[in-house]
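Welcome! Take a moment to look over the protein shown here, and then we will walk through a few of its parts together.

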Amino acid sequence: MVLPLFSRWWWVLSGLLLAGVVPTRAQTADTLRQQPGAPAAATSDEDRRDLGDVLTYFFPRLRPAARDTTVTLESGHRFVSIIPVVSYTLQTRGLLQVAGNVAYQKPGANISTLVSALAVTQNKQVILTATSSIWTPDNRINWIGDWRLMHYPQNTYGLGTRTSTRRGVVNMEFDYLRIYQTMLRRILPNFYGGLGYQLDYHWGIESTSYGQEVARISGYEQGITGSSVSSGVALNLLYDSRGNAINPQPGGAYVNLLYRPNLKLLGSTVTYQTLLLEARRYLRLREGSGNMLALWSYNSITLQGTPPYLDLPSTGWDTYNNTGRGFIQGRFRGKDMLYAEAEYRFRITRNRLLGGVAFGNAQTISEPATNQFEKVVPAVGVGLRVAMNKLSRTNLSIDYGFGFDGSRALSFNVGEVF
């Protein structure tokens, strides 16, 4: 059954999220100093605790001066969080990772962040990532980066939503270099426009099924073996009033519109065009509680052409690998992808050392034969939040999701999922 009404209402949802940000002022509640006239926080900064406080409670001599709660990001300090993680996910099996972030704040600017991780896995994957959002004073310019270098054997399940994890599975082994870098200049308060460059380079691609080499998947031939290059300019419009991308506070909003033409002139294997529309909204449910409802819509459309297989929109291959919690990465793939998620965030301990979330998401992928959205695949889950750094409000996020096709997935993040 084709779902034209679903497709229409999905874009209406994105439009509502977009419309909702217009009257929103820049949020400064997530800077660590209470603003004059703002509602009293449910937990004051002095009462907050994080993993550093737990450590220094047992080892007082290790307490650094920078943990004085009167110190703020606005005073020019840089705060660094580094944490080793031993975990298990469906796409990696056992995983050993060192993850961290740097947060600082220029005068009159949002909090700048750099999040990086190095991981090795039981599936012989090696993953190095670095994502950044750097703000100059008074938010005049925003530099956004997403860089990756990976050796990444991974299963793929074909195109569309009518695929299975038990039959028709293809193992793709490849090396991958991603360079996304964009400069945005402020046009109006919280509204930015700019240009960037985006490169996706896959090489050493080998696709096998039951030990036999595969030259096509779901009838798709582009980028199945050998190498593929997608190289294009990025034309970007951004609305961002979150203040702190690591942990957005109620009232903040984010809308990103990105048009990317990939051109043979710039080295692309094939010429094609894509459009990305992403919107996020953060709502306070009860004054003074500190709990909130976060909404996310992520939509990637192929406007023209035939992208290489590994560059098609796919579950868990967004900037922070967070779409489709509850499913293995790469579970669904196709030319067009529509995605929505809602997450309720709440505190567990009064001092905010521990928090929790409950989330639900739904995704649909265009089918290869009809190029229509024919099936919606939902997932639900819960998560734990552990405060790593109370000054930058960085949490360690641990989530477990249940996909309605029988999937299960555990995921870790430094910072909130969105």
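Which residues of helix 2 (residues 51-58) are buried? They are Gly 52, Asp 53 and Thr 56, where buried means under 20% relative accessible area, exposed over 50% and partly exposed in between (1.4 Å probe, protein chains only). These residues sit on the same side of helix 2 because they cover an arc of only 95° around the axis, the arc being that of the directions from the helix axis to the C-beta atoms. On the face turned away from that buried side, you will find the exposed residues Tyr 57 and Phe 58. Strand 16 (377-389) is included in what covers the buried residues.

A word on the source: this is a predicted model, in which local features need pLDDT of at least 70 and side-chain atom pairs count only at pLDDT 80 or more, while totals for chains, interfaces and linings use all residues. Residues are numbered from 1 along each chain as its sequence is written, and side-chain values use heavy atoms, leaving out hydrogens and water.

## The whole protein

The protein has two helices and 18 strands; helices (H or I, at least four residues) and strands (E, at least two) are DSSP runs, numbered from the N terminus. Of its 418 residues, 53% count as buried. Contact means heavy atoms within 4.5 Å, and among contacts with a separation of 6 or more, 61% join residues 24 or more positions apart.

## Two nonpolar cores

A nonpolar core is a set of buried Ala, Val, Leu, Ile, Met, Phe, Trp, Tyr and Cys residues joined through side-chain atoms within 4.5 Å. The largest one has 19 residues, and those with the most contacts inside it include Met 150, Met 172 and Tyr 309. Strand 7 (residues 170-188) gives the most to this core, with four residues. A second, separate core of 17 residues includes Ala 234, Trp 296, Ile 365 and Val 377.

## Zooming in on Ser 397

Ser 397 belongs to strand 17 (residues 394-403). It counts as buried because its relative accessibility is 0%. Leaving aside residues up to four places away in sequence, Ser 397 touches several others, among them Leu 384, Phe 412 and Glu 416.

The side chain of Ser 397 also makes a polar contact with the side chain of Arg 385 (3.1 Å). Such a contact is a pair of N or O atoms within 3.5 Å; within protein, one must be able to donate a hydrogen and the other to accept it, and residues adjacent in sequence count only if both atoms are side-chain atoms.
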